[in-house]
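Hi there,

Here is the structure I promised to pass on. Have a look at it first, and then read my notes below.

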Amino acid sequence: MSLHGRADTAGPMNGLPDEYAVRAGSMFDGFTMSGPATVYVRRGRIVAVDRTGSPPPDGHVVEPGADACLLPGLIDTHTHLAFDCGTNPVESMAEAQDEDLLSGMRAAARTALLAGITTVRDLGARDFLALTVARETLTTPDAGPEILAAGPPITTYGGHCHFMNGEAEGRDQLLGAVRERHDRGCAVIKIMVSGGQMTPGSRSHVSQYGQDDLRIVVGEAHRLGLPVAAHAHNTEAIAHALAAGVDTMEHVSFSGENGIDEDAGLVARLGASGTFLSLTLGTHGTLPLEVQRHLRTRLDGRRKIHRALVELGGRVVVGTDAGIFPSKPHDVLPYSVEELKDLGLSPVASLAAITSQAAAACGVEGRKGRIRAGADADLLVIGGDPLRDPACLRDVRAVFRAGVRVR
Ligand SMILES: [Zn+2]
């Protein structure tokens with residue numbers, strides 16, 4: 001079974017017939033906002049979109065109300081379904097048996113889906129467990145979002161997230177790691193170009209791989225048709241990943257040993273590069289004290305750089321890193337829109353960043369992140385106008401995944 005094909009969801013589902021329409025007072029189609037709209041769904045896909053406001057012909061119509069707004073299902077470009085949102089997710093993962101991790105991942109997937117997040121990229125779980133859950137949500141759309149899984153991130157021996165079992169160094173092992181992920185059905189290659197704060201002994205301001213390593217990984221991944229997501233905190237890692245041609249840059253935090261390493265030239269190159277910048281946004285609640293301490297000297301500088309990237313036309317999307325803290329639950333993505341506005345994105349661009357732009361970043365732009373004939377019927381219906389008030393995104397009226405109404 002292909003993991004990246006369309007879900008075949010023919011037949012009656014959750015009380016809805018094979019064909020139905022969803023009608024709302026306004027619609028954001030992934031690109032622009034418009035007035036009353038009717039979206040026609042058949043067997044899990046959108047077959048037509050009508051913006052004339054005329055009532056649909058006879059047939060089943062879901063009408064969540066004139067104040068409701070239709071959107072494409074949201075897309076989180078960076079999550080960890082296997083992290084439990086606890087105070088020590090690394091230890092929890094180490095202690096958990098596969099079955100425990102799987103049941104946690106299934107619950108996390110369901111949490112995301114009920115918030116209207118219909119696609120996620122899982123950028124790191126132990127072994128290839130994310131593929132198991134990805135297969136389940138593909139055949140059973142109400143089990144969770146479509147999951148674009150990286151499998152275990154490629155990392156150095158003892159490096160960041162080594163406990164997920166994706167260690168590889170040197171040309172042969174790196175090529176082997178990419179090929180194995182491709183053969184098993186992963187949708188993306190994740191590589192830890194720099195260290196990270198949450199792994200004991202690893203540091204985010206230190207690089208793990210050099211440019212030659214990255215060129216090997218990117219070359220082989222692209223030859224096999226897979227995008228590469230690069231975890232890159234420090235300037236050297238960001239510069240090397242950019243030069244190697246990765247598809248999405250994760251975090252982009254410019255972390256130095258004691259603060260932010262400003263590099264205006266690199267910021268300018270990044271902004272103009274067209275590389276997707278997957279910023280780690282979205283927080284609900286208080287960050288752990290240790291993280292607050294780490295961020296204290298960095299947060300303002302990082303925000304300044306991210307604002308500059310937006311101003312330079314950088315292609316910003318949101319990867320929440322859901323799962324790694326209690327303040328990053330698996331349904332945290334809608335909270336990021338307030339932060340996007342703070343970085344200077346317009347309200348429309350902020351919504352596009354978590355729909356159509358995110359779909360492009362993940363290589364699924366034909367099927368996801370848009371309300372267009374031919375796309376998957378992944379839909380979110382909310383109450384109110386999300387351009388005026390981003391908090392409306394959390395007033396969920398209905399969620400559809402591959403045509404199945406899940407909420
Ligand atoms: Zn992550």
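P152 counts as buried, at 1% relative accessibility, where buried means under 20% relative accessible area, exposed over 50% and partly exposed in between (1.4 Å probe, protein chains only). P152 lies in the loop between β10 and α4; helices (H or I, at least four residues) and strands (E, at least two) are DSSP runs, numbered from the N terminus. Leaving aside neighbours within four places in sequence, P152 is in contact with A125, D127, F128, M164, N165, G166 and R181, contact meaning heavy atoms within 4.5 Å. The C-alpha atoms of P152 and T248 are separated by 17 Å, and these residues are 96 apart along the chain.

Before you go further, please keep in mind that this is a predicted model, in which local features need pLDDT of at least 70 and side-chain atom pairs count only at pLDDT 80 or more, while totals for chains, interfaces and linings use all residues. Residues are numbered from 1 along each chain as its sequence is written, and side-chain values use heavy atoms, with hydrogens and water left out.

C161 sits in the loop between β10 (146-149) and α4 (170-184). With 1% relative accessibility, C161 is buried. Its phi is positive, at about 65 degrees, although C161 is not a glycine. R43 also has a positive phi, near 45 degrees, and is a residue other than glycine; you will find R43 in the loop between β4 (37-42) and β5 (45-50). For context, most residues other than glycine have a negative phi.

Now to the metal. Which residues coordinate the zinc ion? They are H78 (NE2), H80 (NE2) and D321 (OD), at 2.0 to 2.1 Å. Donors here are N, O and S atoms within 2.8 Å of the metal (3.2 Å for Na, K and Ca), and water is not among the atoms, so sites may look incomplete. The donor residues are spaced H-x1-H-x240-D in sequence. H78 in strand β8 (residues 74-79) and D321 in the loop between β15 (315-318) and α10 (336-342) link distant parts of the chain, 243 residues apart. H78 is buried, with a relative accessible area of 1%, and D321 is buried too, at 9%.

Another histidine to look at is H306, in helix α9 (residues 299-311). H306 has a relative accessible area of 4% and is buried.

The protein chain is divided into domain 1 (19-73 + 369-405) and domain 2 (74-362), with bounds that come from an automatic or database domain assignment. Taken over C-alpha atoms, the centres of the two domains are 29 Å apart. Their contact takes 23 residues from domain 1 and 28 residues from domain 2. About 1,900 Å² is buried between the domains, and carbon and sulfur atoms give 67% of that area; buried area is the accessible area (1.4 Å probe) that two parts lose on being put together, summed over both.

How many salt bridges does the rule find across the interface of domain 1 and domain 2? There is one. A salt bridge is a side-chain nitrogen of Lys or Arg within 4 Å of a carboxyl oxygen of Asp or Glu, and by this rule the count comes to 23 salt bridges.

Here are some of those salt bridges:

- R23 and E63 meet at 3.1 Å, N to O. R23 is in strand β1 and E63 in the loop between β6 (61-62) and β7 (68-72), 40 residues apart. R23 is partly exposed at 24% relative accessibility, whereas E63 is exposed at 53%.
- R121 and E250 meet at 3.0 Å, N to O. R121 lies in strand β9 (residues 117-122) and E250 in strand β13 (residues 248-251), so the pair ties together parts that are 129 residues apart in sequence. Both R121 and E250 are buried.
- E220 and R223 have their closest N and O atoms 2.8 Å apart. They are three residues apart in helix α5 (residues 211-223), and so separated by about one helical turn. E220 is buried at 6% relative accessibility, while R223 is exposed at 59%.

Enjoy exploring it!

Best wishes
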